[in-house]
Amino acid sequence: MSGSGPDHDSSPRKAGTRPFRTEKTAARSFLHNAPVLMKKELRETLRDRRTIVTLLAMPILLYPLLGMLFRFVAIGQSKSQNEPQYIISIVTDAEALWLNSALEAGEAILRENWPDRLTAMEANPNPDQTPAEAVASMVRMVKPDGDAPDVRTLVASMESDLVIRVELDTVEQQSRVRGGKIFVTACSDSVTSQEALRYVEDRIQATNLFSLFKQARFQNPSIQLPVRAEYELVASNRKSKGFLGLMPLVLLLMTVTGGVYPAIDLTAGERERDTLETLVALPIPRVHLLFAKYIAVLTVTLMTGFINSIAMSATVFVLQMETQLFGEAGLTPTFMLSLAVVLVVFALFYSAVLLAITSSSRSFKEAQAYLIPLMLMSISPGLVVLLPGWHLEGVLAVIPLINMLLLAGDLFTGTASILPATAAVVSTLLYAAGALALAARLFGNDAVATGSRGTWSDLFQRPPHAQTKISPGLAATGMAALFPLYFFFMGLLNRTSAAQPEHRLILGAVVTILLFAVLPAGLCLWQKVRIQPAWRIRAVSAQFWVAVILLGLGTWPLIYELVLATRSLGLVNLSDSRLQQVAEILERWKQVPLPLMICTLGVITGISEEIFFRGFLLNGLREILRPNVSAVVCGILFGLFHVIAADGATLERFLPSAALGIVLSWIAVRTGSVLPGMLMHVLHNSSLLALAAYQGQLSQLMVANADQEHLPMLWLTGSAAIVTGCLFWVWRTSSENGSSIPVLTPIPAVNELPK
Amino acid sequence: MISVQQLTRQFGDGPDAVLAVDHLSFEVPPGEVYGLLGPNGAGKTTTLRMVLGLLTPTSGDVEILGYRVSEHADEVKRQIGLVSASAGLYQWLTPREILEFFAGGYGLDPEQVQHQVERLADLMDLRRFLDRRSATLSTGQKQRVNLARALVHDPPVVLLDEPTRGLDVVGSQVVFDFVNTLRSEGKAIVVCTHQLDEAERLCDRFGLLFRGRLRYEGTLQDLREQTQRATIVEMFLDLLRSPQPVEVSA
């Protein structure tokens, strides 16, 4: 028995011993394996009564209970509104009688002359209520024990909101009330005490002012107050959104609850039941096994979320609480749609995170221990974003969890804007991909299967042998890390906006090298991936170089027209102020020498982005997708990155960037090397920079007319001819797997090696 | 059919390193039952996991029908049926659903799946509980489902890891009958066990594994001549008392 290939004739075999002729699993895509795997996962999950309890019983019981509780609290609040709000201690009956008449007089004066000074609570909607009844509804006077009570203690212990002592005047005054002096003791730490104080002050001042004004007008009928004011009270829309503000958090907890049990059961549960070994012994890639589990967890999570939403809506509808909970509009289709969007994105993200955590656990208990901190971590930012002033903007749009909570909040209040929302959704999906890659790495690995070693340490374990290919998981990890790091470094760079433009360009170039070249190189070194073969750094024949030089120099007119087309479609979302800001930046950059611009934004950016997108990401994608599909996906990701992450990001950048990205990826696929794309990218960027620098001169030559937005037809035709011709040339002279890939000689078997 | 070549597996590095399997080589032709015997911790299960491609060897390789596990791991998995005493069943699925799942996982088309389920239901006497939830089955019934699961893709190679552990006399007899059937079908079989008396009844040839190394290999007659002992139990007791490693002699 020798050689590395199959040796079916090496030994006689009886009938019935030959295995079934089955399609090679290596060639089987996930779509082939999915029906079998998902059927098993869903059957196993949905038949489990614990899942059903979480899925159905919890919402059916929880929401009516919550609704009843809410009603009970509401009724309790309305009952308390019928009782006096403030308790005032007063020692003698005479003092109480006088204070009552003084407050009633003040109340009457306020109502007649300054009704806008009354608070919502004081302005009783009942028009038949007398001032005496109004005071009685707000104030309850009590007599403290003893003849000489300790007034400070009474207030400090909050037994009374105020203690008032009265010294009555002996001389009768021309006023609605007999004169007197009051001594008020209030508590500085009690909001109610302070409100009671304001209530008494307002009425006494009204009485005094009215009395003075009456006396003065008696002397001079035309007298007026020197300052007259009118007040308007408007309810705040920022301080509290009530239950609506709490909705993102409730939604999050609902969604997470559904996924927790299936995630544990389908990963740690496989280990605990000793079914993992037979499962990973199947000729199916582990990433397929894990993805089927992800779909199962996602399905249950989504079902839980939707069933909870239905139960919540039904409870709210039956108890007629729509306006109380969701504002004037109540439960609208838009609101329900927003709810569904948030649920789906939450579910996509959380299912992946849950699987990443539970995949490293060897038992239910261990998985539960890991998930408790996750739940706490989920609740904390949920509470933080309820505070006023938090909106989905800037770096918050890419912070996991917080971005989705803020997006949920903004969607509910109808204030979500497209760009940060897109950033939040795309970054969340990338984090989900990263978490899935992590889970695939942990699930069923050597240590977990054998139980011989730790688990999380294996995550950082380097493979024993050198690799020549980038795994999809490594590519996803790199992409997921790129987004937050880019935002972080660009945020830092923006703080240095006062610096010279030259310095900013150089710093930007350093960041570009770090993120787009050093980051993937570091990840490859960590995983023992040999960079040259993995990134496909290979020499190609001269014809490809000629083609990419022409493409690099000749593509810009088409890209420029694509930008104009995007604008004409109305896909521009920059505000006028932001456009002004971008124009100022561009104006400042005109002072920078062109060679420096070309070096930083042309050469360094071109080479670095090619390293990341075509050398690292594309080759990772090619491990799971067909070459042309990988090129399209890589191009779209390249476009999305420029939409979301670029300084001054706009949607109008997507189509041109994605188109350029697809062409660059396709060139890398067809030539089998990352190098031609690098040259094309550098030439494309540099030609755009040179054109921008010499725009004035070119306008004079009628090449780029400032008044005429579109380029001359001759230029466009020439560009289209160059691009079409070159792409056709590359297509004709290459294959789908790259024409310059050398034919590998098979490694001889051990027993075939020369002795 | 099975060729294990200088298989070695070390766990950990430095002073804590454990050499679980140390340059192990053996071959199993079709129709032979090979007993890989050894006390607990001898490296039997680690060897089986490397043969299956679940564990990467530190060095060495395994060939199954000419497919190297280091290069064609999935093809190797397709040729092997695994029976493990510790293997559990999916408690919410019925034996029929479990067999259908594994048959589909090995890439059988729906017609083949149904044919195999019916054949194994008769062969392993599963009819009475084929559509009952697995959680309700007895230990013996579960083991029969496990044996059927290993054969669902009709593999030419079968690995059995402690197949009679936890079974009573009747259950063990089912396993013996199972192994005899496989032998008569010309399958290459490796049985790992530390129940040496049972191994004597089951196996055609033996490899005595101790601290990761193959100490003796051959038929029972060969081993008796080499060790001057009548039973495998006595041979092992000698090994356990021996301070020095004994070189393989076959």
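Mentor: Start with strands. Two strands pair if DSSP finds at least two bridges between them, and strands (E, at least two residues) and helices (H or I, at least four) are DSSP runs numbered from the N terminus. Here V83(B) stands opposite L160(B) in β7(B). This is a predicted model, where local features need pLDDT of at least 70, side-chain atom pairs count only at pLDDT 80 or more, and totals for chains, interfaces and linings use all residues. Residues are numbered from 1 along each chain as its sequence is written, chains are lettered from A and ligands numbered from 1 in the order in which they are written, and side-chain values use heavy atoms, with hydrogens and water left out.

Trainee: In which sense do strand β6 and β7(B) pair?

Mentor: Strand β6 (residues 80–84) of chain B pairs with β7(B) in the parallel sense, over 5 bridges. β7(B) also pairs with strand β8 (residues 188–193) of chain B, again parallel and over 5 bridges. In β8(B), A188(B) is the bridge partner of V157(B).

Trainee: How many residues of strand β7 of chain B are buried?

Mentor: Buried means under 20% relative accessible area, exposed means over 50%, and partly exposed lies in between (1.4 Å probe, protein chains only). In strand β7 (residues 157–161) of chain B, 5 of its 5 residues are buried. V157(B), L159(B) and D161(B) lie on one side, with V158(B) and L160(B) on the other.

Trainee: What is the strand order in the open sheet of chain A?

Mentor: The order is β2-β1-β3-β4 (chain A), with mixed pairing. β2 (139–142) and β4 (180–186) of chain A are at the edges with a single partner strand each, so one side of each has no neighbour in the sheet. Within the sheet, strand β1 (residues 86–89) and strand β3 (residues 162–168) of chain A pair in the parallel sense over 2 bridges. The bridge partner of I88(A) in β3(A) is L162(A).

Trainee: Which residues make the nonpolar surface patch?

Mentor: Patches use residues with over 30% relative accessible area and no salt bridge; like charges are joined within 9 Å, nonpolar side chains (Val, Leu, Ile, Met, Phe, Trp, Tyr) within 5 Å. A salt bridge is a side-chain nitrogen of Lys or Arg within 4 Å of a carboxyl oxygen of Asp or Glu. I506(A), V510(A), I513(A), L514(A) and V518(A) make a patch of about 370 Å². I513(A) is in helix α19 (residues 501–526) of chain A and is partly exposed, at 35% relative accessible area.

Notes: Areas by Shrake-Rupley, 256 points an atom, 1.4 Å probe, with all protein chains shown as cover.
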